[in-house]
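User: I would like to learn how to read a few side-chain and packing features from a set of coordinates. Could we take them one at a time, with the general idea before the case?

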Amino acid sequence: MRLAAELDLSMIGTLHGLCARICREHPEAAGVAPGFTVLDDEGGSLFESQHLDDILTSLDPDGFGAGGVPFSQAREAVRKLLAEPHLAEAALAVLDRPWEEVEAQWRAAIAARRNEFRASPAWRGPAEAVRNGHWPPGGVLRDKLTVLQTALAELEQGGDFEAGLRRLAGGKLGTAGGAAAADLRRQWNALPIAAEAALKRGIGCDLTEADRAVHTRARIIKRIYDATAAELWARMARAGVLDFAALETGALRALRHDEVRDWYRRRWHVLLLDEAQDVNATQSELIETLVGLFDRPSVCIVGDAKQSIYGFRGAAVEEFGRLNRVVVEDALQGRTITLAQTYRQHAPLAEQLNALFAVILGAQSSPVFSTGQAPHDAERHVELAVVDAPPGIGVGPRRRVEAAWVAERIAQWVDGGLAVSDGDATRPARYGDIAILAKAWVTLDAYAEALAAKGIPAVHAGGGDLLATREALDALAMLRWLAGADDHLALAAVLRGPWFAVSDLTLCDLARRAGERPWWPSLRDEPIEDLARARQVLGELEQAATRELPSALLQRADALTGYSAVLANLPQGARRVADWRGFLDLVRRLEADGPYAFHVARRIKGLLDLEVEIPRPVLQAGNAVSLLTIHSAKGLEYPIVFVPDMARQPPNASGSVRIDRSRGVALGLPGVEGQDKPYLTRVLEEAQRVRDDGEARRLLYVACTRAADRLVLSAAEDAAAATDGESKRWSLLHLLRAGWDALGWPVETIPFDERAATPPLVPAPTPPGPPPEAEICLAAVGLGLHELPAGSLDDYARCPLAFRFEHVEGREAKWTGLGSGAREVGDLVHRALAEGQRGIAALRGIGELGDIEPAMSPELVAQAAERVEAWYTDAAFAPVRGADDRLEVALLWPVGPLLLVGRADRVGVGYVVDYKTGAEVSAEAHRFQVWAYARALDKPEAFVADLRHGELHRFDAARLAALDEEAATLARAIVAGSFEPRPAERHCAVCGYRSLCPAGGATPRREALQ
Ligand code: SF4
């Protein structure tokens, strides 16, 4: 019981939640402004994209031009440094030293590394064998041996070390000397192999002419970074926000203070860290600091190095090893408990995966065991199939053949009732039991098309970049055109896309008629019949663009063209509609910083320029085959898993900047390639290649272990054809074959089939039909009324006539009885909470900015400060004070033909919150307002926070569902023009329209009631 109670009191959350808590509880020690809001990954990227270029371009031009640092390289470097400021601090410290000192240190390091290598058994044994080798003159083997001996002698006498290694690596003996020399050849060949390995590890790298220039350039980058980071963090402080990197750095900074460590030593006695293989260097140091607070055995670190696959976002598997050493060896002398039983795979599959990954992962592998029975008979539950195509066939047709084979296999298994596990029992496989996992989401379309061609339901469930989807590009083209009607490229994209599906022939006709003129005036003026509908719709959108939010414009464009209906009828319709909605959500978030299409289009361009990835919405597959990226499948499992497209080449490492905590910042130089590259660049590139290789092997492990019963691996071409030996980056197939071939397992051949190689027919988009009903309804309201404040339905529910006065006729109310200054207090409280300000002085500062009532008395400011303080300290609001909540979120929600517009005060993971500050707060009186917030932001619960009385009123899912129909009824009544007065003493007493109302005069004024 005591343990259960203590568990309730424990802090359970993410590492970022922990950092946020430390920063909030010790803002001064953390060096952050109190009352901040946390920006999640996406929010941080959005903030950075909004400010970074602006800051960089405002820097002193000497910072760039004088040192010859290109803007793009400075931006890349600054972004990488900002991603982990703590790491950046250490790396940049190297640049404080003069070049001569750094050069001497590196030369010593190079020499030490080479000496260590030459002293290693891996080199000494083979070198000794070659040095003392002998073969009679007159044959190829003798010549080749002489070449090796000469290269070795030169290298040992201090010749060019890297050139020597290359000569040795290129001196393999092949079959020279025949069978009689087999044993000697094996001994001598060990030297070229060792030389090759040394080159891969960068042991041959040496300083070049470019290194001094890079050091100078990196010092300029340091200046740029220092100035940019300071300004960016100042802007964050002014906005009252912190991104994840700033949170981690702040928490680490706070924990350097003795009193902060003492504080947590008294509060926390146990630490459990899960998924520890995914920590980055800063988080690792933070955990190590926390571990230092505890006594054995109060720390438990859980992780699996084999599943560390997030290196691309900063996770470092070696940090997991370091934490292990801290807990097990150094500080706490703990012990390692191996969790070796798997409850996912049955025993035969577990054993086969053990055998495979013992080779692929080597020392990192750890076998698991299972007591589960296989649900069906098979010689092996893992199989590999590769397309066998005639020479000259491209990867596109090969992949389609592979996809058709995958679809055929799925159909056979489901139609044939292949048994899969279901708890302790078995049952026939369904489509929903099957997942197709690919390394890159872009190739999943080929498999989705093949499944669709066979009538197999499939859903592209997750993974990938929203901004790279067709739907985002369509919507962005529309926003760009709305932002500037003379953008004829955007207009062409809009006309050609599913908005209007205009043919290229018609576009050519438009271009011909436009001549030198912009396209839009020509489209407006020229009577081209096929463009009549586009002319009408775009004309309406252009007019609306001056008064409507960008998301409302896109929704209007959708309603007028049937865009989302077209999407729904295309292959992968559910996926496309989800991406369209995901893009609308993104636009709503961006509207908070600027309400016009121009602002939003510019922000999205900024995101694209910085290659910020916005995750696509996740879809539930139901009884359909799930298509996912391997990364998005982590943590999931399926009875049957296909991993196709294994021959895909990994992309080359992008970028010209690399950062290393102890060695500094490496920069590529234009035109400087190969052995002329700077030493540090080459060393860090080699290190990155080793890390990428390890991560690719672990990615393969994660993909294969998603399968519970059956695993099918396939490729469009074989490993040898798919290997790019030059780049030393291997496809998953290449890595797999090392284990597969060692086990002697057979590879199935997928015969090349011309028919399957032809692209499947994709239905053409449905051309736009007649104007949809929504347009007619909008016009039928006939009152210029289609967009209303979110709270207006509550106004209508109270009194339709008062609603008419306010929202239809736009009359000004003569408010009485609200209490002196109540509105001003409310405004100030909302502003303070949105900006994370607390305390009388801070609130007075907001008032002095001018747009809150300038005449607010000290008493009113004090009242506002009291309400703000209540929000932060009153336990009643704790359930909705999420550290990662978003504030002031703009939203729109359609109710019939009406569009409710608003801005939610606070949005958490599963809720929305509206603050109220008045003397009398009736949550019911605001039910439609918070309902609209919850519906528009897709949250299951809504809350009204009464800051004056410390009460939190909840609208749960059932209550919100009940309001759906009530809201629709009210909207219908509004559209029908029903505005009868509804006198009620409580409302009429404070009504601002009493003087206009034929019914209200009968009720006493509020003053009379008091
Ligand atoms: S006075 Fe009463 S009935 Fe008249 S408009 Fe106001 S609330 Fe409605």
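User: Which residues do ring pairs link into a cluster with Trp99?

Analyst: Keep in mind that this is a predicted model. A pair of aromatic rings is described by the distance of the centres and the angle of the planes. Here, ring pairs join Trp99 with Trp106 and Tyr679 in a cluster, and the count of aromatic pairs comes to 19. For Trp99 and Trp106 the ring centres are 5.9 Å apart and the planes stand at 80°, so this pair is edge-to-face. Both partners, Trp99 and Trp106, are buried.

User: Where do charged groups lie over rings, for example at Phe36 and Trp263?

Analyst: Arg24 lies over the face of Phe36, with a distance of 4.3 Å from the ring centre. At Trp263, the charged end of Arg267 sits over the ring, 3.5 Å from its centre.

User: How many cavities of 30 Å³ or more does a search of the whole structure find, and which residues lie nearest the centre of the largest cavity?

Analyst: Rolling a probe the size of a water molecule over the atoms shows where empty space is left. In this model the search finds two cavities of 30 Å³ or more, and the largest cavity holds about 80 Å³ of space. Its lining is made up of 13 residues, with Trp106, Val214, His215, Val665 and Leu680 nearest the centre. Helix H7 (99-119), helix H12 (210-239) and strand S13 (664-667) are the elements that each give two or more residues to this lining, and H12 supplies the largest share, four residues.

User: Is His376 buried or exposed, and what is its side chain joined to by a polar contact?

Analyst: His376 has a relative accessible area of 9%, which is under the 20% limit, so the residue counts as buried. His376 belongs to the loop between helix H17 (347-360) and strand S5 (382-388). A polar contact of 3.1 Å joins its side chain to that of Arg710. When neighbours within four places in sequence are left aside, His376 is in contact with His381, Leu418, Ala419 and Arg710.

User: What percentage of the chain counts as buried, and how many helices and strands does the chain have?

Analyst: Of the 1010 residues of the chain, 50% count as buried, and the secondary structure comes to 43 helices and 21 strands. Among contacts between residues at least 6 apart in sequence, 75% join residues at least 24 apart.

Notes:
Residues are numbered from 1 along each chain as its sequence is written. This is a predicted model: local features need pLDDT of at least 70, side-chain atom pairs count only at pLDDT 80 or more; totals for chains, interfaces and linings use all residues. Side-chain values use heavy atoms; hydrogens and water are left out. Buried means under 20% relative accessible area, exposed over 50%, partly exposed in between (1.4 Å probe, protein chains only). A polar contact is a pair of N or O atoms within 3.5 Å; within protein, one must be able to donate a hydrogen and the other to accept it, and residues adjacent in sequence count only if both atoms are side-chain atoms. Contact means heavy atoms within 4.5 Å. Rings of Phe, Tyr and Trp (its six-membered ring) pair if their centres lie within 6.5 Å; planes under 30 degrees apart count as stacked, over 60 as edge-to-face and the rest as tilted. A charge sits over a ring if NZ of Lys or CZ of Arg is within 6 Å of the ring centre and within 35 degrees of the ring normal. On a 1 Å grid over the protein atoms alone, a cavity is a set of points where a 1.4 Å probe fits but cannot get out, and a pocket is an open set with protein on both sides within 12 Å along at least five of seven lines; lining residues have an atom within 4 Å of a point. Grid points are joined across faces, edges and corners, and a volume is the space filled by probe spheres set on the points.
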